[in-house]
Amino acid sequence: MAFHSPQFLIFFPVVTLAYFLVPQRGRCAWLLAASYFFYLCWNPEYVVLLLLVTAVSYAAALLTDRRQDRRWRRGWTAAGIAATLAGLFFFKYFNFAADTAAAVLSWVGITAAGPHLDLVLPLGLSFYTFQAVGYLADVCGGKTAAEGNFLRYALFLSFFPKLVSGPIDRSDGLLAQMREGQGEWGLNAPFDFDRMRRGLLLMVWGMFLKLVIADRLAILVDTVFPSYWEYGGVHLAAAAVSFSLQIYCDFGGYSAIAIGAAQILGFRLMDNFRQPYLSLSIREFWRRWHISLSSWFRDYLYIPLGGSRKGRGRTWVNLMVTFLVSGLWHGASWNFVAWGGLHGLYQIAGDLLRPARDRVCAALRIRREALPWKIVRGLWTFALVTVAWVFFRAESTAQAVGFLARMATHLSLSLDGITGLGLDWKDLLAAGAAVLVLLIADLLGQKGSVRDRILALPLPARWAVYYLAVFSILIFGIYGGNYDPSQFIYGNQF
Amino acid sequence: MTKRRALRRLLAAVCFCALFCALFAGATQLLRNKDSAGAILSLYEEPRDSLDVIFIGSSHILNGAFPLELWHEYGIASNNLGQHGQSIPISYYMAQEAIRTQHPDLIVLDAYMLYYPDLIYEGDGNSHKSIDNMAWAAPKLRAIFDLFTWEDRWDYLVPLSFYHTRWKELSAEDFAPIDTTGKGCEVRLETTAYDPVEPVDPDYAQPLSETALEYFDRLVELCRTEGVELVLVCAPFLATAEQQGQMNAVGEVAQAYGLTYWNFLTRLEEIGFDPETDLYDYSHLNANGALKFTRALGAELAALGVPDRRGEAAYAGWDEDCARWREELTAAAEAADFPLLELK
């Protein structure tokens, strides 16, 4: 049941309505039942895995919390984390590890065909596993107490708005809201019209990003990437930029719907995207992109490794390890590792080149706060991110390298054939207009909440914005799509 | 929140939803494909229970039976609910709609689709042409829930989800009113010349579609329950030997149910049908073929006792509609350089 499916359009209002009608004591159970139903609609057989991860992490946290001794606490936490990660490793990385081992062995002259299992990655596994691991680490570190109420903890892991693709929430965020007895947020929060309005606005924005931009650009991307050698440099650049926008609008759109849906129900999820393509450096990009994951890696991997506290060299090692693992988290394939590695290298190179950059800026008397310089830095950062995304989108590292090499060696300024990439000129125009709306929204978002601006408008203007947004999605969105003009070839009466 | 504020919010929400529904309906109407829409929409322009005869079935009847020619020649008040590729299951629900709105004395079913391969419906476009133009009432909903899977039902329940991609092909015609002057028929003003086909032995029969027969059985039952006479007809077309065999088999089915069946494939000479001049393509009549077929059909209907309504006060507008339609038909034929038969 995808967020943009007709089923969700029925499911969500029913769940919300019932949620505010049932007595407060029953709300947790109701949301848990709804969340498991939501998951069953995707992946009925893997609900067992969700339950197992829930039970194991729940028990490990309780066992950790009972001990005062640090070694015991760490022991139970390590055991809990290992058991929690076992499912993720098996389903996501078993084949990758076996193939890699076989490749390494064949390198040293030993031929060994590793076992290759026919596995389907259970939906949301990477997300809820990481949430459970973060929770166990928090309990171990005394940041939070172990949750004794199994239903509440199960809801923390399975809460349907964020179950499938995050945001990966924290014990001091979502779990704390579920624990709190009173207040504006959480299980006891009353229905709030203004909160609903804000949540709905965010959901509509998410739908716009997903259906109007991401799914439209996906047509172009899916046309070019699989046969990149047939296209010229401009087409490949167009596909690469389109993928940068597609992945932002796809994931950012999903996150907006998730956060909006949770907000309507009275829960505040972590921010996940904060105008990432307006970043002026790669480091800043990672403070704005997939925030719930990048902050997770910061808090539970980079800082425990020593962060930036142990000298420059160690900081770079920690950075590379974090980004390589992050790449692997995104996909069990070397091109994802290369994507992560590239982002690590960008940052190390940025550190190394900083003195030279400073000297150049001083020599040229560049005012760093001036808008033109900011635009140059923003475009440069976007270009670097886009190059890295090619590794993310490609089927393999070799394909990504081939794609970039062809893009660099077949450059021309001709736009001929740009309408032959799966989108006709009207679709390109629609995509361009929608991206312009996104750019304006992101620029405004830098200065404050766009929702606040909309809600402050007089009623007619506000309603006009609502209708414009909804009908843009209904008319220009990529959905349904069974209509085929060739089936309507017969003319009218005379 | 004060009671007054809550009421104000409720009122605003109601207004917002009402305006949303109006805009949604407007967007749907603008973006939907209007090809052949007049064929079914014309039904809703007639006063309730004013029609004596309603035609249902495929494009054979849609292109073949001209209600206003029937009016002109025999004073028969009819409407053509035929549609391109209208399968028998869809015709069954179309008959329900005809009975709901008009309760005619007679429903004439085009038998052609009884042979059609075992499909519930033929092509998304064609089923949409029939169902999207039906009014939101029980027959339409029954058809949607009976004939389609959930994936497709959504497209019928919310047609905007099916048609929204048409924003790219909108033209001035999408903003013009839908033409319903022909009372449901669709006229073909082109000719493809063919050699005559060899007629088969009248006893030669070929099997019919089981799905079509299942819904045909339901249609017969519906007409019996509602006291509507059901008649079967096969319009002329360039039928292969197998198709002639299938249309012969319809005769056996009609006999088994005790229904009247007019198989015009066996009466081509009698009505003056000429495959060189009367066909739009191998399967459909052009305007001249349709005029010949309609006149023969009118004679049969009159013989069955369908009343002549000419001169009745309730049908005063029909003469004017007829004159306008004939005028438009003549003008369109001239514009298309089509040698239209003389209109009597």
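**Strand pairing in chain B.** I began with strand β1 (residues 53–56) of chain B in this predicted model, and I found that it pairs with β3(B) in the parallel sense over 4 bridges. Within β3(B), Leu109(B) is the residue that stands opposite Ile56(B). I then looked up strand β4 (residues 229–234) of chain B, which also pairs with β3(B) in the parallel sense, over 5 bridges, and I noted Glu229(B) in β4(B) as the bridge partner of Leu106(B).

I turned to Val108(A), which I located in the loop between α4 (70–107) and α5 (125–140) of chain A. Val108(A) counts as exposed because its relative accessibility is 59%, where the cut-off for exposed is over 50%. Together with Leu105(A), Trp107(A) and Ile110(A), Val108(A) forms a nonpolar patch on the surface, with about 480 Å² of accessible area in total.

**The largest nonpolar core.** Last, I looked up the largest nonpolar core, which has 142 residues, and the members touching the most others are Leu31(A), Phe159(A), Phe267(A), Trp389(A) and Phe403(A). Helix α10 (residues 233–265) of chain A gives the most to this core, with 18 residues. I noted that domain 1 (6–191) and domain 2 (196–476) of chain A both give residues to this core, so it lies between them.

Note on methods:
Residues numbered from 1 in each chain as written. Chains lettered and ligands numbered in written order. Predicted model: local features only at pLDDT ≥ 70, side-chain atom pairs only at ≥ 80, totals over all residues. Heavy atoms only, no water. Patch = residues over 30% accessible without salt bridge, like charges linked within 9 Å, V, L, I, M, F, W, Y side chains within 5 Å. Areas by Shrake-Rupley, 256 points an atom, 1.4 Å probe, with all protein chains shown as cover. Salt bridge = Lys/Arg side-chain N within 4 Å of Asp/Glu carboxyl O. Helix = DSSP H or I, 4+ residues; strand = E, 2+ residues; numbered from the N terminus. Buried < 20%, exposed > 50% of the residue type's maximum accessible area, 1.4 Å probe, protein only. Pairing = 2+ DSSP bridges. Core = buried A, V, L, I, M, F, W, Y, C linked by side-chain atoms within 4.5 Å. Domains from an automatic or database assignment.
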